[in-house]
Amino acid sequence: MTKYKLEYIWLDGYTPVPNLRGKTQIKEFESFPTLEQLPLWGFDGSSTMQAEGRSSDCVLKPVAVYPDPARTNGALVMCEVMMPDGVTPHSTNARATILDDEGAWFGFEQEYFFYKDGRPLGFPEHGYPAPQGPYYTGVGYSNVGDVAREIVEEHLDLCLAAGINHEGINAEVAKGQWEFQIFGKGSKKAADEVWMARYLLLRLTEKYGVDIEFHCKPLGDTDWNGSGMHCNFSTEYMRTVGGKEYFEALMAQFDKNLDAHIAVYGPDNHMRLTGKHETAPWNKFSYGVADRGASIRVPHSFIKNDYKGYLEDRRPNSQGDPYQIASQVLKTISEVPTEKAAAAA
Ligand code: ADP
Ligand code: MN
Ligand code: MN
Ligand code: MN
């Protein structure tokens with residue numbers, strides 16, 4: 001038997017953006033534990049904005065497990081928060097009720113800023129560095145500094161070793177701003193991995209004395225870009241049948257559901273989706289081929305392939321909850337009849 005360090009990780013009850021929380025318990029297993037072998041556990045909900053009524057106990061239900069590359073015999077255990085009965089989802093547990101479909105694929109592009117001493121890493125103590133331009137995908141000390149690349153490389157290795165489907169990295173438009181991409185089949189799988197990648201980044205940067213700023217417009221109304229979390233999505237139908245008519249019906253439904261999408265695309269998005277800085281205004285839906293100024297960008301490959309493939313919703317922001325973003329995308333898609341559904345009716 002081996003003693004495993006199990007880090008139970010969950011989302012707390014803070015609004016509008018939950019924080020990641022985690023605590024460790026040691027348990028013995030013959031080999032790396034499966035999800036089924038992991039017991040329920042509890043925590044004090046009165047310390048995380050999750051206490052309800054007189055009882056402050058909340059239950060942690062493991063829903064995904066990954067090897068923890070930073071610890072000997074470690075496991076990262078993604079949990080849902082349940083009521084004391086262990087079966088009723090807590091009101092802060094968004095994951096329990098989202099739409100899912102393993103034929104629906106999601107690619108999230110998580111942007112964020114490194115922060116130190118209350119400002120983006122690499123910003124001088126007073127004023128601003130040279131205007132943005134050279135930083136996006138840049139190389140060299142004056143563009144990326146001396147530590148950011150070490151962090152993003154280490155984060156990449158941690159994610160890959162944990163089995164997270166990390167797909168890439170790039171330095172972003174603002175100084176101190178970076179992006180990583182996570183791809184997953186199914187909303188729960190993709191979103192679990194985004195949250196776990198966020199956790200690994202936050203934990204990793206502790207030792208560098210660097211914070212992660214996920215706010216979508218930390219530098220406010222300036223000439224500095226904000227942070228998004230573009231959501232690339234495709235369903236099996238979009239990839240294999242698609243077609244111009246279906247695409248246009250889908251876009252009409254996204255337009256109709258504008259408010260429902262914006263509601264879950266992250267707080268303060270009006271600060272970011274202003275129409276400046278390669279984003280469409282939050283209150284007007286638009287789409288366009290290869291158009292990075294539209295709400296939804298239609299890749300060239302989609303048109304070339306007879307309106308089949310994936311689309312990119314550019315509106316979700318860096319603080320958005322990927323569970324709710326993916327679920328709302330699926331909800332809108334589910335409201336558009338497919339040929340199969342039409343034929344069956
Ligand atoms: P860009 O910066 O040009 O918008 P990225 O390369 O950063 O694009 O991100 C593209 C994302 O699209 C990746 O996360 C990738 O996994 C995802 N993606 C590619 N094909 C599909 C697909 N068929 N369905 C869903 N997502 C996809
Ligand atoms: Mn990208
Ligand atoms: Mn980007
Ligand atoms: Mn993108």
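**View 1. Polar contacts of ligand 1 in the predicted model.** An oxygen atom of ligand 1 lies 3.0 Å from an N or O atom in the side chain of Glu179, a polar contact being a pair of N or O atoms within 3.5 Å. Glu109 places a polar side-chain atom 3.0 Å from an oxygen atom of ligand 1, and for the side chain of Asn232 the corresponding distance from an N or O atom to a ligand oxygen is 3.4 Å. Of the 590 Å² of accessible area (Shrake-Rupley method, 1.4 Å probe) that ligand 1 has on its own, the protein covers 75%. This is a predicted model, in which local features need pLDDT of at least 70 and side-chain atom pairs count only at pLDDT 80 or more, while totals for chains, interfaces and linings use all residues. Residues are numbered from 1 along each chain as its sequence is written, chains are lettered from A and ligands numbered from 1 in the order written, and side-chain values use heavy atoms, without hydrogens and water.

**View 2. Helix α3.** Residues 187–206 form α3, a DSSP run of H or I with at least four residues, and 16 of its 20 residues are buried.

Definitions and conventions: Helices (H or I, at least four residues) and strands (E, at least two) are DSSP runs, numbered from the N terminus. The expected span of a helix is 1.5 Å times one less than its number of residues. Buried means under 20% relative accessible area, exposed over 50%, partly exposed in between (1.4 Å probe, protein chains only). A polar contact is a pair of N or O atoms within 3.5 Å; within protein, one must be able to donate a hydrogen and the other to accept it, and residues adjacent in sequence count only if both atoms are side-chain atoms.
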